[in-house]
Amino acid sequence: MLFWYTVAVLLSLAIFSFLWKDNPLYKFAEHLFVGTMVGYTIVMVFSQIIMRKIVDPITLAVHNHQYLNLISLIIATLIGLLYLSRFSQKAQWVSRYPISITVGFWSGYAIVTSFKTNILTQVRGTVVDDMGAPLLNGELLGDFIKSPSWSSLDLAVSGPLLVFGVIVVLIYFFFSIKNENPMVRFANKPALLYLMLGFGASFGYTFMGRISLFIGRMNFIFNEWWPLLKQTIGG
Amino acid sequence: MKKILFLALVVLVSLSFAAAVKAEEERPLYGCELNLYDTPNDDGISVELEFMPLSSPDEVPQYGIDLYVDGVFMNTLTVVNAQALFIYTVPTDKRGAEVRAEVFAYDAEGTRQGPVQVEKAISTAQWYYSDRIGAFIWSMLFIGLIMILIGKAKKGQDIFIRRIAGLEAIDDAVGRATEMGRPVFYIPGTSIIDDIATLASLNILRPVAQQVATYETPFSVPIKDPVVLTVAQDIVKEAYMAAGRADLHDEGMVYLASVGQFDYAAAVNGAMVREKPATVFLLGMFWAESLMLAETANTVGAIQIAGTDATSQLPFFIAACDYTLIGEELYAASAYMSREPLLLGTLKAQDMIKGAVIFAMLLSLVFMLFGIDSVMNFFFQ
Amino acid sequence: MKTPWYEKIASVDKKILYVIMFVVVMIPLLAKWTYNPDVMDEVQDIYDEVEEIYAYNLANPDAPMGILFSFDYGPSTSAELDPMMMSVLRHAFLRKIPVVTWVAFVDSIDLGKRITNFIAKEYGAVYGEDFVFMGYPYPMTAAVVAFGSDVRKFLVKDFYGNVSTDLPLLNKIYNYKSIGLIVTVSGTSMPRFWVTYANTLYGKKIATGTTAVSAADFYPFLQTKQMIGMMGGLRGAAEYEKLVYELETELIGTDTEMYMQSVYKQNTVQKWDTKVFTPGYTEEELREHISTRMTARTGMASQAAAHFFVIFLIILANLGYFFKRRAENKR
Amino acid sequence: MKRTLPLALAFIFGLIGIAVQIVPALKGFLNTMLDWMAIIGSFALALGVSSLTRHHMTKIRRKHKDMFFSYVTFVTMLFMMIIGLIGYFQPESLYQRLFGNMYNYVRVPLDASMFALLAFFITSAAYRAFRARTWLATVLLVAGVVVMMGRVAFGPFMIFNDITAWLMKVPTTAAMRGLTIGIGLGIVATSIKIVLGIERSYLGGGE
C-alpha cells in the first residue's frame with residue numbers, strides 16, 4: 001500500500017516539476033504516462049470491443065443460428081479491417097471507405113440532434129424560462145414600478161437583458177453582411193460587451209475549481225500519504 | 001402529453017383525496033387508478049404502466065397487478081399501498097403485442113379481491129419522434145436553402161464574407177515561423193472524428209499545411225484519436241503535393257502523441273518545450289487541456305491561433321491566445337479560406353437560417369407578451 | 001541602464017508567479033488555518049431541514065423520518081464533494097436520524113461505503129439499526145421509483161448481503177413516506193434526475209451538493225423550490241462544515257477526540273459488526289477523523305488566499321501597465 | 001472507386017444517420033449502427049499504435065538524446081498490455097490486481113496532477129491577459145476580478161457574491177446561449193456539407 005502511494009506521490013511531484021522547467025523527471029513521467037495510457041487503451045479496446053462487440057456476439061450468433069446478425073457483424077469487422085490497408089503503400093486509399101462511413105454517419109446523426117439541442121431548445125429557453133413564464137414580462141415591470149426595489153428591478157430587467165444579449169450576439173456573428181450595415185453596427189458594441197462580460201465571468205468562475213484541484217492533490221500528499229508513511233515507519 | 005395529463009389527474013385526485021380525508025367521507029373500497037398506454041417514441045417493444053392506489057393503506061395494504069402479454073401470463077407486480085404513484089415499463093419484446101393488466105387488491109386479512117380494474121394496451125412502433133419533427137423540418141429547410149444558394153454561387157454570383165481577424169493572421173503566423181526557423185504546430189482539437197468541430201478543424205488543416213509547405217517550414221501535427229490521425233495524414237500529404245513540395249513531406253509529421261486527455265496534454269507540452277514552435281494552432285474541440293496547451297505555447301514564445309466551439313473553453317483561449325476564432329467562426333473558416341463558391345453558398349444559407357431563427361424568436365417573444373404560446377410551440381417545438 | 005520597475009512587472013518570469021502561488025496555497029493548508037465563511041441561505045436551508053427532521057423524530061419516536069444520501073460522484077471530484085457528504089452525514093448521525101446511503105455509479109461503491117462507515121464510526125452508529133448502505137442499485141430509475149412503494153421489494157439485499165426485511169431500519173424506513181430529505185452530492189447532472197423523479201413525482205425535498213463549476217446550472221431549481229438547498233463547491237462545503245462544527249461543540253464539547261474514544265469504552269463492543277468497521281481507533285485514525293472535520297475550511301483558506309493573490313497580481317500588472325504607458329506618452 | 005465511392009458511402013450513411021434520429025422504429029437498428037461504429041473505429045487503434053511506435057522508433061534510430069524515454073514508453077506500453085490481457089483471461093489473478101494498481105496509482109495520480117497544473121496556468125494567464133488595454137479588455141478584467149472576489153467573499157464583501165450570481169445569470173447566459181445557437185448552425189451546416197459531398201477535405205482534400 002505504502003509502495004503504491006509513494007509511487008503516486010513521486011509521479012505527481014515529477015509532473016509538478018514541469019512548472020519550473022522541462023527536466024528528466026518530467027520527461028520520465030510524461031513518457032510513462034503515454035505508455036500506460038496507450039497500453040490501457042489497447043486492453044480496453046480488446047476487452048470492451050474486440051471481445052464484447054465482435055467475438056462474443058459472433059459466437060452467440062453462430063450458436064443461436066442468427067445469421068442476419070452474424071452477417072452484420074462480419075461486414076462491420078471487414079470494413080474495420082480496411083483501415084489496415086494503410087500499412088501497404090499501394091492499397092492505402094481503401095482506408096477511405098471506413099473513414100467516409102464513419103464521417104458520413106456521424107454527420108447525418110448530428111444534423112437533427114444539434115438543431116434540437118443547440119438551437120431549438122436554446123431559443124425556447126430565451127422565450128420562456130424553465131417554468132414556462134415568458135422572459136419578456138410586462139407584469140414584472142409593473143411590479144417594479146409599483147414597488148421599486150433591487151430585487152424587483154432584477155426580476156423586471158433580467159429577462160429583457162438576456163433576450164437582448166442573445167440577439168446581439170447572434171447578429172454579431174453574421175458573416176455575409178457588411179460591417180457598415182446599420183443593424184450590424186448597432187449590435188457590434190453591445191455584443192462585445194456581453195461576450196467579454198461572459199468570458200471574464202466564466203474565467204473567474206472556473207478559477208475556483210482549478211485551485212480546488214491543486215488543493216485536492218496537496219491534501220492527498222500531506223493528509224493521506226504522509227500519515228501513512230509516518231505510521232509505517234513508526235511501527 | 002398523456003403523461004402530463006395523467007400527472008395533472010394525479011394531482012387532482014390527490015387534492016380531492018386530501019379533501020376526502022378531511023371530511024372523513026367514504027373512500028372507494030379497493031379503489032385505484034390504472035393507466036396503461038403504448039410507450040411513446042419507441043420501436044414498439046414495451047408499454048407503460050402507471051398505477052395510483054386510492055384506498056386507505058389500512059383497508060388495502062397491498063395491491064397485485066397481473067400482467068398478460070398476448071393472453072399469456074407474464075408476472076405479478078406487487079405494489080405496497082404507499083398512496084404514491086407507481087410506474088413500470090412492461091417489456092413485450094415484440095411489436096403489436098397486446099398487454100393486459102389486472103389489478104387485485106389485498107385486504108387487511110391478505111385475501112385477494114378482484115380484479116378491481118382491467119386495462120389493455122397494444123405496443124406499437126412510432127414512425128417519427130414527436131419531439132424531433134420540428135428540428136427535422138428546420139433541417140430540411142436548411143438543406144433546401146443550401147441547394148438554392150449553391151446553385152446561385154455556381155452561376156458566379158458574388159457572395160460577400162466579412163473579415164475574420166484570426167484567419168487573416170494565419171499567413172503572418174506561418175511566415176513568422178519561417179523567419180525564426182522554428183516549427184509550426186497544428187493541434188486539431190482533442191476530440192474524436194464524430195465531433196463536427198474536429199472536421200471543421202481538419203478543413204482548415206489543408207490550407208495551413210499547404211502554406212507551411214510553400215514556406216518550407218518544419219511542421220508537426222500531434223494527434224489524440226487514431227481515426228483523426230488517418231484523416232490528417234492524408235490531408236497533410238495531399239496538401240504538400242498540391243504545394244508541389246512532396247519532397248518535404250515526411251510521414252512522421254502527423255503522429256499520434258497519446259490517446260487520453262491529460263497524457264496527450266503532457267506529451268504535447270513536452271514536445272512544445274523541446275521543439276520550441278514559433279506558431280501553434282489550437283483549432284477544434286478542447287476540454288480542460290485547452291489552457292495547458294495555450295499557456296505552454298506562450299511560455300515557449302509561440303504565437304497561438306486558437307478556435308473552438310466549446311463555450312466553456314473559450315474564455316481561456318480569449319485570455320491566453322493571440323487570436324481566437326469564436327464558436328461559429330471556426331465553422332466558417334473553411335469557406336473563408338478556400339473561397340470556393342459551393343462553401344460560400346452554404347455560409348450564406350447559414351446566415352439566412354439564422355435570420356429566420358431570430359425572426360421566429362422575436363415573433364414568439366411578442367406573442368408571449370400577450371400570453372400566446374402557440375407561435376413558440378409552432379417554431380420551437 | 002536600470003530597467004524601471006514597471007518594465008520588470010510587465011515581464012516577470014512565470015516561475016516566480018508559480019512559486020509564490022505554491023507558497024500561498026500551501027501555508028494555510030499546512031498551518032491548518034480555517035476560513036469561516038458567512039453561511040448563505042441555500043446552505044442554511046439544508047441545515048434547518050435536517051434540524052426539522054430531528055424535531056419531528058423527537059415528537060414521533062415510533063415512526064421516525066430518515067434521510068436518503070445518494071453518492072452521485074466519483075473519485076475525480078471527491079476533493080470538493082467529500083467534505084460536503086461528510087458534514088451532512090455527521091449532522092444526521094449527531095441527531096440520530098436514520099440514514100440510508102447508496103451510490104449512483106459503479107466507480108463510487110468503494111467511496112460510498114468508506115465514507116458512510118467512516119462517519120458512522122465516529123458516533124457509534126449500529127449498522128442495520130441506525131444506518132444502512134444499499135450499494136449500487138441498478139437501474140437507478142427503478143430504485144428511485146421503488147421507494148414510492150417499498151424499496152425492500154426492489155433491493156432485496158443490502159450491500160453486505162443482509163436480507164432487507166431483516167434490517168430493523170429498513171422495516172421503519174422503506175418508502176418515501178418516511179424519507180424526510182434526499183441528499184444528492186454530485187459532480188454531474190444527477191441532481192436534475194432527482195428533481196424529475198423524486199421531487200416532481202413524489203414531492204420529496206431535495207438537497208444538493210455540487211462542484212463549484214456546476215453550481216450555476218442548479219440555481220434555477222432553487223428559485224423554483226424544486227431543491228430546498230444547495231452547497232456549491234468547497235465554499236458550500238465549508239459553510240456546512242462550520243454549522244456542524246458549531247452544533248458538535250454545543251452537543252459534545254470541544255474535545256471530539258475524547259468523545260469518539262468514549263463511544264467504544266463500554267463492554268458492548270460486540271454490538272458493532274466488524275464487517276462494517278472495527279470499534280476503537282489507532283492514533284493515526286483519530287487524527288484523520290479530526291482533520292476531516294476541517295478539510296473544507298482549511299481548503300477554503302487556501303482557496304481564498306489564492307484568489308486574493310491573483311487579484312493582487314492583476315492589480316499589480318495593471319499598475320505596471322499604467323505607468324509604462326504614461327512613461328511612453330511622455331517620451 | 002477512389003473518390004466517388006467514398007462520397008457515395010458518406011451520403012448513404014449520412015441519410016442513415018438522419019433516419020435513426022427521427023424514426024423511433026429504427027431504435028434496434030440504431031444500436032446495430034452504434035456497434036458498427038465502435039467495431040470499425042477499434043481497428044484504427046492499430047494505426048495509432050503504429051504511428052506512435054514509428055514516432056519513438058525514429059527517435060531511437062536517430063540516437064536522439066531523449067531516446068531513453070522512448071524506451072520508457074515502449075516498456076510501459078507493453079507491460080500494461082501484457083498484464084492487462086493476461087488479467088482479462090485470468091480474472092482475480094495477480095496480473096489483474098497489478099493492472100488495477102497501475103491504473104489507480106500511476107494513471108490516476110498522473111491524470112490528477114496534470115489537471116492540477118491548471119491552477120498555475122490559470123494564474124499566469126490571468127496575470128498576462130487581465131490588463132486594461134482597451135475598453136473590451138477592461139470589461140473582461142472587471143468581470144473576472146469581481147467573480148473571483150465573489151467566490152470567496154465574506155462579511156461586507158458579500159455584495160460581490162450577489163454581483164457574481166447576476167453576472168452568471170444574465171450576461172454570461174446570454175453570451176453563451178448566443179454562441180451556442182450560432183455553433184449549432186455551424187455544426188448543422190458542416191454536417192450537411194459533408195453528407196451532400198460539398199465538403200470533402202476529410203478525404204485528403206484535393207480533386
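Colleague: In which strand is Phe71(C) found?
Modeller: This is a predicted model, and in it Phe71(C) belongs to strand β1 of chain C, residues 66–72.

Colleague: What makes Phe71(C) a buried residue?
Modeller: The term requires 20 or more other C-beta atoms within 10 Å. Phe71(C) has 28 other C-beta atoms within 10 Å, and is therefore buried.

Colleague: Which residues is Phe71(C) in contact with, leaving aside its neighbours within four places in sequence?
Modeller: They are Met85(C), Thr101(C), Val103(C), Ala104(C), Ser108(C), Leu111(C), Gly112(C) and Val185(C).

Colleague: What makes β5(C) covered on both faces?
Modeller: In a regular strand the side chains alternate between the two faces of the sheet. On one side of β5(C) stand Ile206(C), Thr208(C) and Thr210(C), on the other Ala207(C) and Gly209(C), and all are buried. The strand, residues 206–210, is mostly covered, with five of its five residues buried.

Colleague: Turning to chain B, why are β10 and β13 said to stand at the edges?
Modeller: The open sheet of six strands has the order β10-β9-β8-β11-β12-β13, with parallel pairing. β10 (254–256) and β13 (323–326) each have a single partner strand, so one side of each lacks a neighbour in the sheet. Neighbouring strands here are turned by 15 degrees against each other on average, direction ignored.

Colleague: How many bridges join β11 to β12 of chain B?
Modeller: Five bridges join β11 (residues 279–283) to β12 (residues 303–308), and these strands run parallel. Val280(B) stands opposite Gln304(B) in β12(B). Helix α7 of chain B, residues 289–299, packs on the sheet and touches β8 (184–187), β11 and β12; its direction makes about 165 degrees with that of β12(B).

Colleague: Which domains does the assignment give for chain B?
Modeller: The domain assignment gives domain 1 (2–122) and domain 2 (159–339). Their centres, taken over C-alpha atoms, are separated by 59 Å.

Colleague: How many residues does each chain bring to the contact of chain A with chain D?
Modeller: Chain A brings 97 residues and chain D brings 103 residues. α4(A) gives the largest share of the chain A side, 25 residues. That side divides into 64 nonpolar, 26 polar and seven charged residues.

Colleague: Which residues touch the most other members of the largest nonpolar core?
Modeller: Of its 350 residues, these are Val169(A), Ala232(B) and Leu118(D). Not counting residues up to four places away in sequence, Val169(A) touches Ala191(A), Tyr194(A) and Leu195(A), together with Ala174(D), Ala175(D), Gly178(D) and Leu179(D).

Technical notes. Residues numbered from 1 in each chain as written. Chains lettered and ligands numbered in written order. Predicted model: local features only at pLDDT ≥ 70, side-chain atom pairs only at ≥ 80, totals over all residues. Core = buried A, V, L, I, M, F, W, Y, C linked by C-beta atoms within 7 Å. Buried ≥ 20, exposed ≤ 12 C-beta atoms within 10 Å, placed from the backbone. Contact = placed C-beta atoms within 7 Å. Helix = DSSP H or I, 4+ residues; strand = E, 2+ residues; numbered from the N terminus. Nonpolar A, V, L, I, M, F, W, Y, C, P; charged D, E, K, R; others polar. Domains from an automatic or database assignment. Pairing = 2+ DSSP bridges. Axes fitted to C-alpha atoms, helices over the stretch in contact; angles between N-to-C directions.
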